[in-house]
Amino acid sequence: MVHIFKQLGYNIAMDIESGAIHILEDAAAEVLKLLTPPMVENCPEDVISQLKDKFSEKEITDAYSELYELYKEGMLFTERDYEINIPQEYPIKALCLHIAHDCNLRCKYCFAEGGDYAKGRKIMPFEVAKAAIDFVIEKSGTRRNIEIDFFGGEPLMGYDTVKKTVEYARSIEKEHHKNFRFTLTTNGLLMSEEVMDYLNKEMSNVVLSLDGRKEVNDAVRVGINNTGSYDRIVPKFQEFVKRRGGQNYYIRGTFTSANLDFAEDVKHMKELGFKQTSVEPVVLDPSSPFAIREEHLPAAFAEYDKLTEVMAEYKKNGDFFNFFHFMVDLDQGPCVIKRVKGCGCGGEYVAVTPDGDVFPCHRFAGMEDFKLGTVFGGELKQDIIDKFGESTVLKKKDCEECWAKYFCSGGCPANNYNANGDILKPHKISCELERKRLECAIALKAFEADLQEND
Amino acid sequence: MKLVKTLSKATLKKSACKGGCGECQTSCQSACKTSCTVANQKCENEKQK
Ligand code: SF4
Ligand code: SF4
Ligand code: SF4
């Protein structure tokens, strides 16, 4: 399968099965669009005749020869000729700890429904978190790197539990040959200087929620009394990032149908001094006023185009600035097995509620049909684990013919389930946005390569 | 003049034999966690590099 597209002025061809990516001059792009495998040595007459008004015969045949070389080298129209052997064991090695099923904001698009997952407000007691650490040490087998994400609701409402959990995990990691990495997602309201310094010391990544411009943020990220949160959190985030040195963080926002001009929000984040950002589409029931629906796609695509140009400009000026969804690693990215396996939800990755119940991931938390068990011992439900383990992109019918399959791995199973009642059935709108973002991301790589060449 | 420039070579097949060790970060794609496609994850396997 070959996917050809144009972005940022580049014609780009992706050979899906080999992973090769090529940048084409117009003549080569037009030739390639007319080809179907298998390729023969000489350029077919009908290709020449179809293009001879646009390009010289020499250009056409030269382009063809170059494409034919790539074909022979296994970088064009490649078919997969090997097995992707996915390990049958899925040791759990990443936990999402729901420290608080409670929140001090009431964001209007919150999937956790005001932080309590519609199950009542609760902070995770340390005993539960401790049991969760023991649980992941036992379940992770020989895996060394263990990820613990403190999540909520708002995890800083359970700051005491967070601190004790980190201390406990650190006290036993060596004897068990583990390396814990902690991350935390916060709305920032409870960030005192003490909290900031603590997080900077212990967290390998911190995700700071902010939607961008004040009017955009304050329309949805509101307090319990319905007032905006921007003025209360932005100074804290700025101070936090300043104190963080070079360590990882993300300012992350959500865009909804109310701010389809989200490139402005990304630019605003940069103006505020943030360098690592992520603004992602909300996923909601189509009936919600904030939902992104089919009719919003053209505007969202145009905005990604705009953002791609903005990012290219930053790169040209040597401005370090990351937009998470445009990051793609073409050289040392993940192996093909990881690419088809995807998020690892319900396998390597599970979520633990304040009561110690285990669910496939934070988005499934509270859905009783998906409960895997508890962190207090006893068997986990193997049938559910197997179901998630088998749900690779290769098993998803809609993904078979999709050029994005090795980058996307078949979408978010929770979105798929919520939209279509089936973890294997991709959520169409998410797919459209995913493919668009990938095109932008790859075009930016082409741009970077150009910059380097001209240096 | 060259009409085709290769940005990235064929890498997938080669990665299949050493891969799948599971040491890399999990990669949530949902809008609520900041991760998306797997392709922006770093491989943590020394052999892969
Ligand atoms: S660390 Fe590398 S080889 Fe191991 S599963 Fe991740 S991407 Fe594959
Ligand atoms: S974009 Fe959609 S169809 Fe394509 S691989 Fe992802 S989930 Fe599957
Ligand atoms: S199912 Fe979706 S929300 Fe859950 S871990 Fe996977 S990508 Fe993330």
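Ten strands of chain A form an open sheet in the order β12-β11-β10-β9-β8-β7-β4-β13-β14-β15, with mixed pairing. Here strands (E, at least two residues) and helices (H or I, at least four) are DSSP runs numbered from the N terminus, and two strands pair if DSSP finds at least two bridges between them. At the edges stand β12 (322–323) and β15 (373–374) of chain A, each of which pairs on one side only.

The model is a predicted one, in which local features need pLDDT of at least 70 and side-chain atom pairs count only at pLDDT 80 or more, whereas totals for chains, interfaces and linings use all residues; side-chain values use heavy atoms, with hydrogens and water left out. Residues are numbered from 1 along each chain as its sequence is written, while chains are lettered from A and ligands numbered from 1 in the order in which they are written.

The bridge partner of T183(A) in β9(A) is N205(A). Helix α5 (residues 159–173) of chain A lies across β4, β7 (145–151), β8 and β9 of chain A, at about 165 degrees to β8(A). Such angles run from 0 to 180 degrees between N-to-C directions, with axes fitted to C-alpha atoms, for helices over the stretch in contact; contact means heavy atoms within 4.5 Å. Helix α9 (residues 263–271) of chain A lies across β10 (249–255), β11 (276–281) and β12 of chain A, at about 160 degrees to β11(A).

Six bridges join β1(A) to β2 (residues 10–15) of chain A, and H3(A) stands opposite M14(A) in β2(A).

Y90(A) lies in the loop between α3 and β4 (94–98) of chain A. Is this residue buried or exposed? Y90(A) is buried, with a relative accessible area of 17%; buried means under 20%, exposed over 50%, and partly exposed in between (1.4 Å probe, protein chains only). Y90(A) touches K341(A), G347(A), E348(A), G389(A) and E390(A), not counting residues up to four places away in sequence. The C-alpha atoms of Y90(A) and I385(A) are separated by 8.6 Å, although these residues are 295 residues apart along the chain.
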